[in-house]
Amino acid sequence: MRALSNIVLSCVERDRLESELSEARIRVRNLSRLRHLTPPELAVLDQREYTAHARLRDHDAEHGCQR
Ligand SMILES: [Zn+2]
């Protein structure tokens, strides 16, 4: 994944999207540890994570900052 790590890549927008995605993942993990989540709650959290992931993917496709 980081084969081109010698090339410095800095994209503020991508960093933001990446942290959004990891926050969404951490939130699901923490909540499911605290209590049993209902299917509708899980669906909302899943959707949030999916959206964050899609935004990141779209950004990579459009911006090309990972190339
Ligand atoms: Zn970018």
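This briefing describes the helices of the protein, the contact between them and a few individual residues. The model is a predicted one. The secondary structure consists of two helices and zero strands. Of the 67 residues in the protein, 3% are buried.

**The two helices**

- Helix α1 covers residues 12-34, and helix α2 covers residues 39-63.
- The length of α2 agrees with expectation, because its 25 residues at 1.5 Å a residue should span 36 Å and its end C-alpha atoms are 35 Å apart.

**Packing of α1 against α2**

- Two packed helices are described by the distance between their axes and by the angle between those axes.
- Here the axes of α1 and α2 come within 9 Å and cross at roughly 160 degrees.
- The helices are therefore roughly antiparallel, since an angle over 145 degrees counts as such.
- The crossing of α1 past α2 is left-handed.

**Residues at the helix contact**

- On the α1 side, the contact is formed by Glu13, Arg14, Leu17, Glu18, Glu20, Leu21, Ala24, Arg25, Arg27 and Val28.
- On the α2 side, the residues that meet them are Leu45, Arg48, Glu49, Ala52, His53, Arg55, Leu56 and His59.
- By class, this contact of α1 with α2 comprises nine charged, seven nonpolar and two polar residues.

- Arg57 is located in helix α2.
- Arg57 counts as exposed because it has 12 C-beta neighbours inside 10 Å, and the cut-off for exposed is 12 or fewer.
- Arg57 and Arg14 are 43 residues apart in sequence, and their C-alpha atoms are 9.7 Å apart in space.
- Arg14 is among the α1 residues that meet α2.
- Ala54 also has its place in helix α2.
- Ala54 has 12 C-beta neighbours inside 10 Å and so counts as exposed.
- Leu21 is one of the α1 residues in the helix contact.

**Cys11, ahead of α1**

- Cys11 belongs to the segment before α1.
- Cys11 counts as partly exposed because 15 C-beta neighbours lie inside 10 Å, a number that falls between the limits of 12 for exposed and 20 for buried.
- Leaving aside residues up to four places away in sequence, Cys11 touches His63 and Cys65.
- His63 is the residue at which α2 ends, as that helix covers residues 39-63.
- Cys11 and Gln66 are 55 residues apart along the chain, and their C-alpha atoms are separated by 9.0 Å.

Technical notes. Residues are numbered from 1 along each chain as its sequence is written. This is a predicted model: local features need pLDDT of at least 70, side-chain atom pairs count only at pLDDT 80 or more; totals for chains, interfaces and linings use all residues. Helices (H or I, at least four residues) and strands (E, at least two) are DSSP runs, numbered from the N terminus. The expected span of a helix is 1.5 Å times one less than its number of residues. Axes are lines fitted to C-alpha atoms, for helices over the stretch in contact, and angles run from 0 to 180 degrees between N-to-C directions. Angles under 35 degrees count as roughly parallel, over 145 as roughly antiparallel, 65 to 115 as roughly perpendicular and the rest as oblique. A crossing is left-handed if the near helix is turned anticlockwise from the far one by less than a right angle, and right-handed if clockwise. Two residues are in contact if their C-beta atoms, placed from the backbone, lie within 7 Å. Ala, Val, Leu, Ile, Met, Phe, Trp, Tyr, Cys and Pro count as nonpolar, Asp, Glu, Lys and Arg as charged, and the others, Gly among them, as polar.
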